[in-house]
Amino acid sequence: MENGFKVEDRDYNLYHTSYYEDHDIDDNKISLNVGAPGVDVLRSSAQFMLKSTQMRLEKEIAGNGDLLQYGSMMGDPDYRKNVAKLLSEEYNDDVHWSSLLTTSGATAGLSLLAGAFFNAGDYIFIEDPTYFQVNRIVGIDLGLKTVPIPFTDDGINLEILTKEIEIRRPKDFRPTTERPFWALMYAITVYQNPTGICYSKEKCEKLVKLARKNNIMIICDDVYNLLRLNKNDGDDFERAPPRLLQYDVKSDEDYFGNVVSNGSFSKVLGPGLRLGWIEAPLVVLSKLLMK
């Protein structure tokens, strides 16, 4: 009895992870229940983290302890520079560290973006089917109205998407610094969850043009892009197809900055790290920093 209340010793699973691979897998089976790294990957990541943490803290001890100080609003510059280097190599594209903002994972990135740019009652267009947590994050938690759009064999159905946009687009909307977009779209264009489909080049180009024409922000979950799942004729693993952001070309006459790449290390290092990034255009980053 404590302060008049009986305290019972119960196990509320507060100290357990939500996923036990040993419960789902035996020697001859691989679980596809959860999109999570296997135990062997996590053990390797732990060794990597042990060495890298020691190396970085030794640097801080020899220096002025910047890592433990109040940091940049966009995240540790060393982290962002190294992520930019990694992404430039893996994407075969020029990713500049100044376009990266540190997050605590892709889920946090989606929540941050949706909450900063949109209000309860605004629309979000989503793939059908899509990542199962999206409706909880933006629909239940933030109050956005989800509009599911059917999927085809090379991505979202653009014909239906166009019609749904036309029905809901405000006739008097004009983009401003405070409100540059009236609606949001959530997409996974590379190894889409749960279908595994990659959008075609033609569909990516048309989707970007549609977003520009209608003042829509596209948050692209690029959490699988660092994985290499397909082999070429030489039996080497190929790079994943280009992320949607690469089709939002700055030199285009109608460029505005409609696409955001939402990335994470959850699939290649470990979801428990809660570490990711947002790669975004200036129109998005400037508003996030103001918020």
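## The second largest pocket

The second largest pocket is lined by 20 residues, and those nearest its centre are Phe-48, Ser-52, Arg-56, Tyr-79 and Leu-275. Two elements, H2 and helix H3 (77-91), each give two or more residues to this lining, and H2 supplies the largest share, 8 residues. The volume of the second largest pocket is about 870 Å³, and its lining divides into 12 nonpolar, 4 polar and 4 charged residues. A pocket here is an open set of points on a 1 Å grid over the protein atoms alone, where a 1.4 Å probe fits and protein lies on both sides within 12 Å along at least five of seven lines, and a lining residue has an atom within 4 Å of a point.

The structure is a predicted model, in which local features need pLDDT of at least 70 and side-chain atom pairs count only at pLDDT 80 or more, whereas totals for chains, interfaces and linings use all residues. Residues are numbered from 1 along each chain as its sequence is written, and side-chain values use heavy atoms, with hydrogens and water left out.

## Ser-45 in helix H2

Ser-45 belongs to helix H2 (residues 39-62), where helices are DSSP runs of H or I with at least four residues, strands are E runs of at least two, and both are numbered from the N terminus. Ser-45 is buried, with a relative accessible area of 8%; buried means under 20% relative accessible area, exposed over 50%, and partly exposed in between, for a 1.4 Å probe and protein chains only. Leaving aside neighbours within four places in sequence, Ser-45 is in contact (heavy atoms within 4.5 Å) with Val-268 and Leu-269.

Eight strands form an open sheet with mixed pairing, in the order S1-S8-S7-S6-S5-S2-S3-S4. Strand S1 (100-103) and strand S4 (155-156) stand at the edges with a single partner strand each, so one side of each is left without a neighbour in the sheet. Two strands count as paired if DSSP finds at least two bridges between them; strand S3 (residues 145-152) and S4 pair in the antiparallel sense over 2 bridges, and Ile-156 in S4 is the bridge partner of Phe-151.

Helix H6 (residues 158-168) lies across strand S2 (123-128), S3, S4, strand S5 (183-187) and strand S6 (216-221), and runs at about 160° to S3. Such angles run from 0 to 180 degrees between N-to-C directions, with axes fitted to C-alpha atoms, for helices over the stretch in contact.

## Ile-216 in strand S6

Ile-216 lies in strand S6 and is buried, with a relative accessible area of 3%. Beyond its neighbours within four places in sequence, the contacts of Ile-216 include Phe-125, Ile-165, Trp-182, Leu-184 and Asn-258.

## Backbone exceptions in the loops

Most residues other than glycine have a negative phi, and most peptide bonds are trans. The peptide bond from Asp-128 to Pro-129 is cis, with omega near 10°, and Pro-129 is found in the loop between S2 and helix H5 (134-141). A cis peptide bond also joins Asn-193 and Pro-194, with omega about 20°, and Pro-194 is in the loop between S5 and helix H7 (201-214).

Tyr-191, in the loop between S5 and H7, is not a glycine but has a positive phi of about 50°, and at 8% relative accessibility Tyr-191 counts as buried. Asn-215, in the loop between H7 and S6, has a positive phi of about 55° and is buried, with a relative accessible area of 12%.

Definitions and conventions
Grid points are joined across faces, edges and corners, and a volume is the space filled by probe spheres set on the points. Ala, Val, Leu, Ile, Met, Phe, Trp, Tyr, Cys and Pro count as nonpolar, Asp, Glu, Lys and Arg as charged, and the others, Gly among them, as polar.
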